[in-house]
Amino acid sequence: MALAWTAALSLAAWLFLFLARGFYWRTHLSMNTAKEAANAGQALREWPTVWAVVPARNEADVLPRTLPALLSQAYAGEFHVILVDDHSTDGTAEVAARIAAELGLADRLRVVRAEALPPGWAGKVWTMQNGLRCVPEDATHVLLTDADISHPPTSVQALVARAERDGLDLVSLMVRLRAESGWEKLLIPAFVYFFSKLYPFAWVSHPRRRTAAAAGGCVLVRRRLLPTPPGLEAIRDAVIDDCSLARLVAHRGGRLWLGLGDDVVSVRAYGTLGEIWRMIARTAFVQLRFSAWLLVGTALGMLLLYAVPPIATIAGLVGLGLGSPGSLAALCLGGAAYAILAATFVPMLRWYHLSPARSALLPLAGFLYTLMTLDSARRFWLRTGDHWKGRPYEMRRP
């Protein structure tokens, strides 16, 4: 009977999430940049100036697959790219310059070297700050995008069209992360699903909601909201820089929009469990504001949501065969919770062109992400060092 009551609590939680969490599980807030740009047509008489800032640290192997597309944007207005070389040791700056020269677009690219990282600044935020300093104050928009993001030719045109049409100050796309290996197929769609549950896209995009979030791989923001100085100084120590930037823009009165990017993709591979684990463990405890209480609450909540439904369903089936009291209730309640759990994951799987049958594996993904979060706290408490692109990395309490 105790399991049945726990399953009932899990079912109640899933009903609440299903109905009252901004319909986070839907994928209707998305953008296909080709369609968006085509629909925009010549809607604007004059297309505003856009400068892209690309922080890059040891990305020489990635840039040949991504930089040509960014430089070759079919944008109707003035467009420039600033690539900020963050003390790379693999010739990133030289590779970028060579790509631009081979394309005949050297005048569209500016490569700058990031200054030495000062105390109190997170590496990526400092690199973006170096790029932002080079963007003219009279530019209308700044596109902050990562070196591993492959943009279709219509990307900038579509982002600007959406921002100008709807009066938005920040337009961000959760790009389609790579999901090709077995571990990627299990964990990457679940990562986007968990992100959208934490920051429901509909709430981010609602002008009366206070939810602020962005996806760092693709963020278009109005230049006037990031004047230099101070630029990004207010979020200088942010490890989760994208959501911190969104909160900064919202605090300055900006309107936000966040959606899925149908045709904007990341080429970076996280082919093994260890690679995905390290990616999550670097920031998970930061998301919990280094709070032990939030860590315990999150772990218990994840177990209630993702462990109880399958356990109650299986135990109920076994109990029915053994004639255990409460088995039917556990089976029905746990099964209902499991069904809602799986159903909410199906739209994300379809967006990733994966079989809906994989929704049954969401509890496993949830369990692994819970372990990653616990490990993130362990790394912080033990001051376990990590490295990102050759730079020592350590979570620090702000």
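For the charge count used here, Lys and Arg are positive and Asp and Glu negative, while His and the chain ends are left out. Each charge is placed at NZ of Lys, CZ of Arg, CG of Asp or CD of Glu. Color by charge on those terms and you have 41 positive and 31 negative side chains, with the centres of the two sets 8 Å apart.

Before going further, keep in mind that this is a predicted model, where local features need pLDDT of at least 70, side-chain atom pairs count only at pLDDT 80 or more, and totals for chains, interfaces and linings use all residues. Residues are numbered from 1 along each chain as its sequence is written, and side-chain values use heavy atoms, with hydrogens and water left out.

**The whole thing first**

Zoom out and switch to cartoon. You're looking at 14 helices and 11 strands (DSSP runs numbered from the N terminus: H or I of at least four residues for helices, E of at least two for strands). The C-alpha atoms fill a box of roughly 75 × 50 × 40 Å along the principal axes. The radius of gyration, taken over C-alpha atoms, is compared with a globule rule of 2.2 Å times the number of residues to the power 0.38. For 398 residues that rule puts a compact globule near 21 Å, and the protein's 22 Å agrees.

Of the 398 residues, 56% are buried; buried means under 20% relative accessible area, exposed over 50%, and partly exposed in between (1.4 Å probe, protein chains only).

**Into the core**

Select W14, L143, Y193, L245, Y306, Y352 and L362. These touch the most other members of the largest nonpolar core, which has 125 residues. Helix α7 (182-198) gives the most to this core, with eight residues. A core here is a set of buried Ala, Val, Leu, Ile, Met, Phe, Trp, Tyr and Cys residues joined through side-chain atoms within 4.5 Å. In soluble globular proteins, nonpolar side chains tend to be buried together.

Center on L143 next. Leaving aside residues up to four places away in sequence, L143 touches a list including V50, W51, L70, H151, L159 and C218; contact means heavy atoms within 4.5 Å.

Jump to D242 in helix α9. D242 is buried, at 17% relative accessible area. Beyond residues up to four places away in sequence, D242 touches A214, A215 and G216. Draw a C-alpha distance to A213 and you get 7.0 Å, across 29 residues of sequence.

Then try N39, in helix α2 (33-40). At 69%, N39 is exposed.

Go to the loop between β8 (218-222) and α9 (241-251), where P229 sits. The T228 to P229 peptide bond is cis, with omega near -10 degrees. Step along to P230, in the loop between β8 and α9: the bond from P229 to P230 is cis, with omega near 10 degrees.

Next, select H87, in the loop between β3 (79-85) and α4 (92-103). H87 isn't a glycine, yet has a positive phi of about 55 degrees. With 38% relative accessibility, H87 counts as partly exposed.

Finish at H353, between α13 (327-351) and α14 (362-381). H353 isn't a glycine either, and has a positive phi of about 60 degrees. Is H353 buried or exposed? At 69% relative accessibility, H353 counts as exposed.
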